[in-house]
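Notebook open, model loaded. I went through it one item at a time and jotted down what came up.

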Amino acid sequence: MSASRNQGGCGCCGSIFSLGISALFMWLWIHTSNPKCSIQTLSLPSLSSASNLTADPTLSLTLRLVNPNQLKGIKYDPLNVTVYDFPNKSNVIGNILMPGFYQGYRKKATKPGQGTANTTVALRAVSENGTGVFRVDMATAVKFKTLYGYSKRHQIRIGADVVVNGSGVKVDRKGIRLRSMAPKMGNSCVVLLGALFNFLLFALLDFW
């Protein structure tokens, strides 16, 4: 009698463990997070000489992109970066277009890019001490790759304010995180996850 109960208990524990593993993989498959993006460098040499409008108009920027998903790759469309003269986006200083690429799950990528800045607009945005606050926006679309192929395209629009010094270089040495300007994804994932937990709850009650 005791041996029969022990066997039943082991079978129950094994089934619960299997359900737990299945729930974990289903969550990883269902849950989708947008890539995380930050500005690592930004340089506009023309700001270093306010009296020289023929200074180097090159606008350089480096992005760092992280795929936080465990079981999904990300395929990026071209990355369109726009730099504005003020946080309220009064005028465009310049645009940088970076080619699209594929990023495996849990991978990181560093993408440099260059464009031509409107020096006149940029110089109007700096204060007397030569510093300025620019708005940097990035727009793209991504598709998530799973074992069953690619998802539909998801539009991404993110941005941040960046302080530059008198030499036209980003002041903050740390990366500046670009934040979403659209509603967050994941409502459908929450519903599906709730249904999954309900299924597991009823399955566990059956064992008892």
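Is Asp77 buried, partly exposed or exposed? I get a relative accessible area of 23%, so Asp77 is partly exposed. My cut-offs: buried is under 20% relative accessible area, exposed is over 50%, and partly exposed is in between (1.4 Å probe, protein chains only).

Ground rules before going on. This is a predicted model, so I take local features only at pLDDT of at least 70 and side-chain atom pairs only at pLDDT 80 or more, while totals for chains, interfaces and linings use all residues. Residues are numbered from 1 along each chain as its sequence is written, and side-chain values use heavy atoms, with hydrogens and water left out.

**Overview**

I count three helices and 12 strands in the protein; these are DSSP runs numbered from the N terminus, helices being H or I with at least four residues and strands E with at least two. The protein has 208 residues, and 37% of them count as buried. For contacts (heavy atoms within 4.5 Å), I looked at those with a separation of 6 or more: 69% are between residues 24 or more positions apart. The accessible surface comes to about 12400 Å², with 58% of it on carbon and sulfur atoms. Areas are Shrake-Rupley with a 1.4 Å probe, and for residues only the protein chains shown count as cover.

**Salt bridges**

I searched the whole structure and found four salt bridges. The rule is a side-chain nitrogen of Lys or Arg within 4 Å of a carboxyl oxygen of Asp or Glu.

Back to Asp77: its side chain meets that of Arg153 in a salt bridge, 3.0 Å from N to O. The two are 76 residues apart, with Asp77 in the loop between β3 (73–76) and β4 (79–84) and Arg153 in the loop between β9 (149–150) and β10 (154–164). Arg153 is partly exposed too, at 49%.

Next I checked Arg135. It bridges to Asp137 at 2.8 Å, N to O, and to Asp161 at 3.3 Å between the closest N and O atoms. Asp161 sits in strand β10 and Arg135 in strand β8 (residues 132–146), so this pair ties together parts 26 residues apart in sequence. Shared partners join Lys89, Arg135, Asp137 and Asp161 into one network. How covered are they? Asp137 is buried at 4%, Arg135 is buried at 14%, and Asp161 is partly exposed at 38%.

**Aromatic pair**

I found one aromatic pair in the structure. Tyr76 and Phe101 are stacked, 4.4 Å centre to centre with 15° between the planes. Rings of Phe, Tyr and Trp (its six-membered ring) pair if their centres lie within 6.5 Å; planes under 30 degrees apart are stacked, over 60 edge-to-face, the rest tilted. Tyr76 is in strand β3 and Phe101 in the loop between β5 (92–98) and β6 (102–103), so the pair ties together parts 25 residues apart in sequence. Both Tyr76 and Phe101 are buried.

**Ser60**

Which residues does Ser60 touch? Ser60 is in strand β2 (residues 58–66). Neighbours within four places in sequence aside, I list Thr41, Leu42, Ser43, Gly113 and Gln114 as its contacts.

**Nonpolar patch**

Last stop, the surface: Val133, Val163 and Val171 form a nonpolar patch there, with about 210 Å² of accessible area together. Patch residues have over 30% relative accessible area and no salt bridge; like charges are joined within 9 Å, nonpolar side chains (Val, Leu, Ile, Met, Phe, Trp, Tyr) within 5 Å. Val171 is in the loop between β10 and β11 (176–177) and is partly exposed at 46%.
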